[in-house]
Amino acid sequence: MDILVSQLFTGLSVGSVLLLIALGLTFTFGQMGVINLAHGELIMVGAYSAFVLGGIAGEGASLLVAIPVAFFLAGCLGLVLERLLIRRLYGRPLDTLLVTWGVSLVLQQAARDIFGAPNVNVKSPPWLDGGLVVAGATLPYVRLFILAMVMASVVGIWIYMTRLPAGRRMRAVMANRQLAACSGIATDRVDLRTFFIGSGLAGAAGVALTLLGPVGPTLGTNYIVDAFLVVVAGGLGQLRGAVAAALALGVLSALLEFQTQASLAKVLVFVAVVAFLQVRPQGLVVLRSRALT
Amino acid sequence: MIDRLRSVTGRKGLMAFLTVGFVFIVVAPTVMSDFRLNLLAKYLCFAIAAVGIDLSWGYGGMLTLGQGVFFGIGGYSMGMFLKLAEAGPDGLPDFMSYNGLTEVPAFWKPFASAAVALPAAVILPMLLAAGLGWLIFRQRIRGPYFAILTQALAAAFVILLIGQQGYTAGTNGLTNMTSFFGYDLNDPVNQRTLYVVVAVVLGAVFLLARQIVSSRYGRLLIAVRDGEDRVRFLGYDPTRVKVLAFTVSAGMAGLAGALFVPVVGIMSPALLGIVPSLELLIGVALGGRATLVGAVVGTVLVNYAKTSLSEQIPSGWLYLQGALFIGVVAFAPRGLAGLWEAISTWARRRERRPTPQLIEPAAMP
């Protein structure tokens, strides 16, 4: 029983990190039709900025500072990427994918040259040591903190999208870009803002990952594939879909890893996603539209 | 035979094809050192896979980021055959004894026979591609979604290979393959023969692809790339067209993998993951997608650059590769083929108008 609880909890925690990463992907994909393979490197930038801040401010003291700083840095990098490259490629999603892959290779190698190829460790603050005991299972405070951080982000995004004028414009562009432009919405400014928020969330996710393990140049690539599966299974640009798909994927892979081996679990998760797409080819939540493609 | 060839390539194309074939099969082995020739054989293996990618991506618009999986299945089929052929007295490949296995696993056993292992290297990738392609394309999942799914497939495949250490030799992969049908692979003469085999296979694959894209089916494939829904409205079934192209491309990748193993003597997960799968794409993009010659030229160039750069500055290759992806795809999407075309139209125009005529501004309408 306690093993099952702790497995479920691990699944939730993995799923919540995936969610934080997938949110940025699903919005840029849904709104601009852009697949950003460099998203993983934005995570890495976030993680390394936490590492650098830890060096400056002393071990463990910097977590709460690192989150906004990483958000801002990764967001700015995302803006630069959008302005310099991605906006030239709107309407060519496959090419965007390859170009951002090139960016990701360059950023990874740059990180290797700056910080060295071996992984580095970021000390988590002492107030996150230990855990909460529930039904005989220990739930580490670190993972609870990440869960809370993701919940706060999701609530923040939800408020942004449903309650604020900027979010309303974002939803309009996502639903129909031309009509939104005709109604006087500056779509390219909306694009920039979405890209900033999405990239920033990736940076924040990077800080969260420093709590779970060491930081290396390929940190992002380990998570990006699963995050993409969340986007595909959840439906484009859909907050509800992304939340459900991320948690389902996290719990599913945790349970499968518990039942079988970790290496087999990856294959089974892939099979499960392909099987799911047979039932709902456009993902969990679909934005109804009469457009052909 | 020659007439048949000419119908595929055209008169001018036939001359070019035979000339290039002569250079690769007769001239290259006589002027190049053993080491360089072996490297070239490796590049040509990648070029075989690149022709397949061009078929699926360049002509069919299906960007596959998991071609390494099919390359790997072909390679492992061949590798298993070679490992079993030179196994110790108990019939067990070396790494299995290290991992404490006492018996050859059941799924390895058929690969002891060349009659199974060699066809399997091509047929298994095709079966996987046909099944996966059918499941994906019939649901009208396309474009980036398809690319993401193939990428996830590559990730899962590599993790599986690494995880099942006892059956697959894990991260190290299959190594120490020294003989091929009784021929010593370290003997330079045999390596030279192997090079010729690879070059001939590449020529055959190239002609097959050429035949496919110039056929009626090939035009349908291009039409599906440019307007899948319109093709559907005309009464064709795009699913079948796409599945066929993806399957053929997987078969070519499998064939490339199978040839790669005796040439290089190793097959490991590091050659198959997401990164190597995308590395196969950059050659096609550089050469110019939807031109088969471009795919071959681009792949050989990119791999040559990789080898020579890695010898000097190890980290340089990743920067160059990243720059190539950014530069070629964003700013020169038609690659070298587009450049070639631009130069030849410019030259033709110059030829036609040898002296530029001065036109008085008043004479202009």
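Is B:Asn176 buried or exposed? With a relative accessible area of 53%, B:Asn176 is exposed, where buried means under 20% relative accessible area, exposed over 50% and partly exposed in between (1.4 Å probe, protein chains only).

A quick note before the close-ups: this is a predicted model, so local features need pLDDT of at least 70 and side-chain atom pairs count only at pLDDT 80 or more, while totals for chains, interfaces and linings use all residues. Residues are numbered from 1 along each chain as its sequence is written, chains are lettered from A and ligands numbered from 1 in the order in which they are written, and side-chain values use heavy atoms, leaving out hydrogens and water.

View 1. Most residues other than glycine have a negative phi. B:Asn176 isn't a glycine, yet its phi is positive, at about 55°. B:Ala169 isn't one either, and its phi is about 70°. Look for B:Ala169 in the loop between helix H8 (165-168) and strand E1 (179-180) of chain B; B:Asn176 is in the loop between H8 and E1 too. Helices (H or I, at least four residues) and strands (E, at least two) are DSSP runs, numbered from the N terminus. B:Ala169 counts as buried because its relative accessibility is 4%.

**View 2. Helix H7 of chain B is mostly covered.** Of its 20 residues, 16 are buried. H7 covers residues 144-163, and at 1.5 Å a residue it should span 28 Å. Its end C-alpha atoms are 28 Å apart, so the two agree. The expected span is 1.5 Å times one less than the number of residues.

**View 3. Chain A meets chain B.** Here 40 residues of chain A are in contact (heavy atoms within 4.5 Å) with 45 residues of chain B. About 3,800 Å² is buried between them, and carbon and sulfur atoms give 78% of that. Buried area is the accessible area (1.4 Å probe) that two parts lose on being put together, summed over both. The rule finds one salt bridge across this interface: A:Asp95 pairs with B:Arg289, with the closest N and O atoms 3.0 Å apart. To count as a salt bridge, a side-chain nitrogen of Lys or Arg must be within 4 Å of a carboxyl oxygen of Asp or Glu. On the side of chain A that touches chain B, helices H4 (93-115), H9 (219-234) and H11 (262-279) of chain A each give two or more residues. H4(A) gives the most, with 15 residues.

View 4. The side chains of A:Asp226 and A:Lys266 meet at 2.8 Å, N to O. A:Asp226 counts as buried at 18% relative accessibility, while A:Lys266 is partly exposed at 27%.

**View 5. Salt bridges form a network in chain B.** B:Arg142 and B:Asp229 meet at 3.7 Å, N to O. B:Arg142 is in the loop between helix H6 (114-137) and H7 of chain B, and B:Asp229 is in helix H10 (residues 216-233), 87 residues apart. B:Lys242 and B:Glu228 meet at 2.9 Å, and both are buried. Through shared partners, salt bridges join B:Arg142, B:Glu228, B:Asp229, B:Arg232 and B:Lys242 into one network.
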